[in-house]
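Okay, thanks for making time, everyone. I'd like to walk you through a structure, so let me put it on the screen.

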Amino acid sequence: MTDQPLVRAFRLVALVPRNIVVALLHVYRAVISPLYGDVCRYYPSCSAYGLTSVQQHGVVRGGWLTVRRLARCHPWAAGGVDDPPAREHSPYRLTRFGFIVLDRKA
Amino acid sequence: MELGFFGTLLWPIKWVIEAILVGFHSLLTLAGLESAAGVTWVLSIVGLVIVIRALLIPVFVRQIKSQRKMLEISPELKKIQDKYRGKKDQFSREAMSRETMNLYKKHGTNPLSSCFPLLLQMPIFFGLFSVLNDAYAGRDSVGLLTPELSAEFGSASLFGVAPLGLTMATSDGNVAVIIIAIVLVILMTGSQFLTQLQIMAKNQSPEMKNSPMYRQQKILLYLLPLVFVFSGAFFPLGVMFYWFVSNIWTMVQQFIVIRNMPTPGSEAALAREARLAKKRQKKGLPDPADEASGSVAVEEPIKTQRQQPVSKSRAKKQNKKGGR
């Protein structure tokens with residue numbers, strides 16, 4: 001990673017959309033999800049899958065992964081354990097509340 | 001590009017909703033109800049709920065079948081639960097969920113209904129919201145709702161005083177709208193609360209009740225009224241009414257399931273067994289443990305198996321061979 005402040009600032013701005021989506025997913029998981037109880041046939045649940053994928057892969061790829069997962073979660077699906085694809089060497093760090101920030105150590 | 005992204009997404013859904021509403025509306029007017037009357041439109045919304053929930057019945061039936069199959073895997077499920085008994089940290093919980101899911105998959109059964117019903121309901125909810133808003137604002141409808149019908153729908157009122165398209169926020173001092181919205185919020189909170197409480201208090205195994213997830217759920221249960229107060233303020237009465245009727249449907253459905261097909265090991269399961277035993281006693285029937293499975297009611301053979309721990313695995317195999 002680079003230490004150039006401009007590049008850093010740019011990268012931080014680039015993280016804004018995914019953090020907005022993460023915040024929305026948090027609200028969904030805290031407020032709407034409990035209304036319906038456990039319904040998902042997979043582990044992690046679709047919303048947890050969505051949260052992790054967006055955190056790891058961003059809004060576009062994470063969103064696409066989530067849409068595909070939702071399409072898989074129908075009553076005739078076998079279900080089971082289904083983790084989002086892991087991203088190795090992520091340049092970002094996850095805060096305690098699940099938001100994505102630049103890695104300080106870099 | 002006047003529709004925008006969400007408008008385009010909602011368009012087909014709105015079309016279907018309008019078709020269903022208009023269909024019920026013409027049936028009801030055919031039955032002698034007044035076309036512009038509030039009741040007619042309110043009942044059309046009930047019709048919409050019935051259509052949507054009836055479509056979801058196959059999903060529901062599948063869930064019941066899965067739940068019955070759960071009895072077969074209950075010994076293995078119990079093994080997992082025993083393994084993690086008393087371990088309440090996040091990692092153990094996660095490992096337990098993973099193992100449980102793998103078990104379901106291995107046996108081709110899953111007691112959970114999947115996210116599909118939810119995904120189906122949400123667009124319909126927002127679609128109805130949008131149809132109602134358009135109708136109230138006098139905007140063009142997307143499909144079968146003609147301008148006349150749309151105007152009727154928009155101004156149709158509950159009890160002749162509270163237009164369906166109004167919200168608490170846009171009521172403009174219309175006391176009837178505010179009162180009805182508050183009543184709907186209370187009724188919705190009540191029905192949702194009862195449904196959740198039914199599931200949580202009666203249909204969960206003791207292991208589940210000790211988990212941190214359960215406690216979290218319980219706290220959230222008490223936050224529900226806030227959610228509904230919020231929605232009461234911003235959703236039009238017609239949408240609230242749809243939600244409420246759908247909630248009632250869920251409640252009744254849940255009640256039937258919990259009564260007749262409870263989760264093994266839960267309070268409801270014990271209550272059901274007690275009820276069945278009482279019934280048998282009344283009829284003077286012998287204990288199901290020494291009865292052959294052929295002559296008894298549909299659910300009872302399952303119980304017979306449960307009370308024979310020694311030969312359970314063998315009985316299961318034999319059952320499978322029998323082509324059940």
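By salt bridge I mean a side-chain nitrogen of Lys or Arg within 4 Å of a carboxyl oxygen of Asp or Glu.

Quick housekeeping. This is a predicted model, where local features need pLDDT of at least 70 and side-chain atom pairs count only at pLDDT 80 or more, while totals for chains, interfaces and linings use all residues. Residues are numbered from 1 along each chain as its sequence is written, chains are lettered from A and ligands numbered from 1 in the order in which they are written, and side-chain values use heavy atoms, with hydrogens and water left out.

Back to the chain A and chain B interface. The rule finds one salt bridge across it. There are also eight residue pairs in polar contact, both at pLDDT 80 or more; that takes N or O atoms within 3.5 Å, within protein one able to donate a hydrogen and the other to accept it, and residues adjacent in sequence count only if both atoms are side-chain atoms.

Which element of chain A gives the most to the side that touches chain B? Helix 2 does, with seven residues; helices here are DSSP runs of H or I, at least four residues, numbered from the N terminus. By class, that side of chain A has 18 nonpolar, four polar and three charged residues. Nonpolar covers Ala, Val, Leu, Ile, Met, Phe, Trp, Tyr, Cys and Pro, charged is Asp, Glu, Lys and Arg, and the others, Gly among them, are polar.

In total, 25 residues of chain A are in contact with 27 of chain B, contact being heavy atoms within 4.5 Å. About 2,500 Å² is buried between the chains, with carbon and sulfur atoms giving 66%; that's accessible area (1.4 Å probe) lost on putting two parts together, summed over both.

Now, chain B by itself. Its domain assignment, automatic or from a database, gives domain 1 (1–155) and domain 2 (159–268). Between them about 2,700 Å² is buried, 75% of it from carbon and sulfur atoms.

Last stop: A:Asn19, in helix 2 (residues 16–36) of chain A. Buried or exposed? A:Asn19 is buried, at 17% relative accessible area, and buried means under 20% (1.4 Å probe, protein chains only). Leaving aside neighbours within four places in sequence, A:Asn19 is in contact with A:Phe99 and A:Ile100.

Key
Helices (H or I, at least four residues) and strands (E, at least two) are DSSP runs, numbered from the N terminus. Buried means under 20% relative accessible area, exposed over 50%, partly exposed in between (1.4 Å probe, protein chains only).
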